[in-house]
Amino acid sequence: MNSQSTSELFGKSVFNTSTMRKYLSRDQYSKIKRIIENNLEFDDELAKKFADAMKAWAIEQGARYYTHWFQPLNGATAEKHNSFMFPNSEDGVIYEFPHEALFIGESDASSFPSGGLRSTFEARGYTKWDYTSPAFIKEYKSSKILCIPTIFVSHNGESLDKKYPLLKSCKAINDETLRLINIFDNTNNIHKIFPTIGAEQEYFLITKEMYNKREDLRITGRTLFGSEPSKTQQLSDHYLGSIKEKVASFMDEVDLELLKLGILSATRHNEVAPCQYELAPYFGDVNLGTDQNQLIMETLKAVAEKHDLVCLLHEKPFKGINGSGKHNNWSLSTDTGENLLSMGKTPKDNARFLLIITAIISAIDEYSDLLRASTATATNDKRLSGFEAPPTIISAFIGEDLQGIFDTLIKEKSEEEKTIVLGETLLKSINKFSTDRNRTSPFAFVDNRFEFRMPGSSTSIAVCNTILNVAVADKISEFADILENSENIYEDVQNLIIDQMQKHSRILYHGNGYSKEWEQEAKSRGLKDIKSSPEALKAFIEPKAISLFSKYNIYTEKELKSRYLIKMEKYGYLTDIEACTMLSMAKIKILPACLKFSEKLIDDIAKLENLSIKADTERALLKEVRKNIDGIYKNIEMLNKKLESTRKIEDCEKRSISYRDEIIKYMDALRKNADNLELIIPKNIWPIPTYMDIFLED
């Protein structure tokens with residue numbers, strides 16, 4: 001792909017600003033640009049012009065259908081295709097796209113999870129155009145669809161999606177940060193603050209042949225059985241290694257498809273585990289970046305299919321090696337091009353920078369339980385706290401230089417010496433290498449952004465960014481309230497920073513987050529170690545969360561409770577599906593194969609003894625095989641019984657805890673027996689591909 005073709009492809013399938021200019025008059029374009037930038041309303045005439053322009057472009061691109069593209073609470077994206085074509089009175093076809101269809105759509109919401117937000121007879125759901133995220137063309141093998149990003153709400157306006165709360169959280173952090181910035185300088189030219197993200201996407205690639213032979217991979221996205229091979233990632237020879245030709249070919253096509261959608265890949269490389277890779281796009285607006293991450297996941301899976309590969313987005317598809325995350329690099333930018341998390345060149349800028357960093361650190365500490373809850377899923381539970389995934393204890397890493405600045409401020413104040421006055425002193429600049437990632441830190445400051453490393457690879461990043469936005473907005477609001485009547489802004493800022501850092505320094509940790517020592521130290525600091533989703537998700541319905549989200553109109557109490565119920569139910573559903581898949585594989589494939597080998601051993605022993613040959617080895621082997629076969633049978637029986645009793649538990653929380661404590665326990669025991677047998681049973685008898693089979697295909 002040469003630079004010219006790259007330039008021509010970039011954004012080809014997006015109704016972006018350059019495309020708008022081609023289909024709208026200069027006056028129409030200027031008005032629409034102003035509306036989008038300032039979140040204003042369209043008048044009817046302009047709305048009609050815009051809808052006509054979008055229709056003309058889409059039809060020229062080859063689209064015959066359009067859809068309101070939204071993100072319901074099941075974690076995926078949704079689309080209902082509506083035709084541009086209508087029959088006319090002369091037995092012909094005309095193309096129409098009423099402007100009302102651009103702005104609002106109606107969809108049956110009955111089969112989407114709502115967590116009690118609506119009754120069956122209130123199953124309508126409404127989509128409303130989010131014009132801050134541009135429409136795009138999605139290409140299928142034989143068709144193209146115009147996709148219009150939208151929010152999704154119930155008949156009474158309650159959120160049924162992940163985008164609407166995210167948009168409201170962006171407004172909250174914009175409003176509160178502008179307040180704070182104007183306290184420092186109300187003559188600045190800043191009119192908008194927006195969070196930016198760069199979401200690194202990790203994933204596994206395996207051959208379609210191996211995938212099709214594994215029932216567990218097809219149904220659950222991960223291997224429920226499989227002993228660890230002798231060589232996996234110990235030698236670190238896969239990480240950043242030379243990319244094999246078939247994978248590079250796949251990556252090239254992914255890049256091409258993403259280019260059309262206006263998504264530019266900044267980096268791509270081999271990850272640590274065999275068959276594991278990473279794609280990282282450039283930074284951008286959080287709302288657009290969240291939409292684009294959904295498209296990245298869809299594109300990875302669709303392109304893999306074309307290459308006889310399967311893309312696994314599960315957080316832990318293989319036991320004993322690295323899982324996959326989605327590192328959420330979060331920052332705050334202004335409409336003048338400033339990154340508020342970059343250290344400035346003047347004392348005034350540095351005071352503002354340190355205060356915003358302080359607000360973020362304070363928010364991480366104060367709302368750590370919500371940040372943990374934002375990443376809580378049954379699949380991510382398998383990944384956290386192991387093999388380079390961050391631990392379940394929330395802490396923040398800020399690097400030596402930045403830590404040194406805060407320590408100096410606190411020390412000077414405590415010793416009652418002449419303090420550093422932020423408005424008068426130019427603090428030393430931060431060496432970005434001192435903020436290099438602590439790979440065990442869930443929340444690390446890296447040069448000009450915070451990298452939240454806990455989100456799982458398969459989930460939407462909308463929720464974690466919604467929580468991050470509103471948590472930081474709340475602390476910035478608190479700071480603005482304190483400072484807005486200040487007579488000596490820099491002295492008051494300095495005192496505020498010192499006070500907050502003394503209160504919240506417990507969240508800062510620069511050591512090994514995997515160590516047992518840290519677990520003990522974190523406990524002594526009062527930090528929580530929330531290891532499982534049923535524990536973590538309770539944060540959504542705590543009074544503190546209800547108060548925070550109600551204050552900024554992000555979620556109502558009812559909406560929060562709905563999210564809690566949906567996530568708890570999904571935890572149970574996923575675990576139940578895994579348990580049923582495991583039982584099916586054990587009963588239909590693994591147990592018969594093991595019994596067949598056991599029978600063969602018995603026959604071999606009989607033949608040897610008939611020849612007066614000792615069969616000690618065979619008998620020892622048979623004893624080991626029979627012990628694990630008996631274990632499989634026993635655990636199948638126990639798992640069946642526990643599933644039956646767990647499903648009868650009516651209380652959602654108690655049912656989820658039973659899945660966590662009982663069902664997973666017997667699943668682990670069943671797997672242990674099967675994995676032991678995999679190391680004994682000959683390859684020609686073992687009924688499913690082993691890890692070595694899958695990894696050798698890499």
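Which residue of β18 stands opposite Ala 444?

**View 1. Pairing of β17 and β18 within the mixed sheet of this predicted model.** Glu 451 is the β18 residue that stands opposite Ala 444. Strand β17 (residues 443–445) and strand β18 (residues 450–452) pair in the antiparallel sense, over three bridges. Both belong to an open sheet of six strands, ordered β13-β9-β15-β18-β17-β16, in which β13 (284–285) and β16 (396–397) are the edge strands, each pairing on one side only.

**View 2. Helices α6 and α10 against the sheet.** Helix α6 (residues 163–184) lies across β9 (193–199) and β15 (328–334), and runs at about 125° to β9. Helix α10 (residues 286–306) also packs on the sheet, where it touches β9 and β13, its direction making about 25° with that of β9.

**View 3. The salt bridge between Asp 130 and Lys 163.** The closest N and O atoms of Asp 130 and Lys 163 are 2.7 Å apart. This pair links distant parts of the chain, 33 residues apart, with Asp 130 in the loop between β6 (124–129) and β7 (136–139) and Lys 163 in helix α6. Asp 130 counts as buried at 5% relative accessibility, and Lys 163 counts as buried at 2%.

**View 4. A nonpolar surface patch that includes Leu 264.** Phe 10, Leu 264 and Tyr 282 together make a patch of about 310 Å². Leu 264 is found in the loop between α9 (245–260) and β11 (265–270), and with 37% relative accessibility Leu 264 counts as partly exposed.

How values were computed: Residues numbered from 1 in each chain as written. Predicted model: local features only at pLDDT ≥ 70, side-chain atom pairs only at ≥ 80, totals over all residues. Heavy atoms only, no water. Patch = residues over 30% accessible without salt bridge, like charges linked within 9 Å, V, L, I, M, F, W, Y side chains within 5 Å. Areas by Shrake-Rupley, 256 points an atom, 1.4 Å probe, with all protein chains shown as cover. Salt bridge = Lys/Arg side-chain N within 4 Å of Asp/Glu carboxyl O. Helix = DSSP H or I, 4+ residues; strand = E, 2+ residues; numbered from the N terminus. Buried < 20%, exposed > 50% of the residue type's maximum accessible area, 1.4 Å probe, protein only. Pairing = 2+ DSSP bridges. Contact = heavy atoms within 4.5 Å. Axes fitted to C-alpha atoms, helices over the stretch in contact; angles between N-to-C directions.
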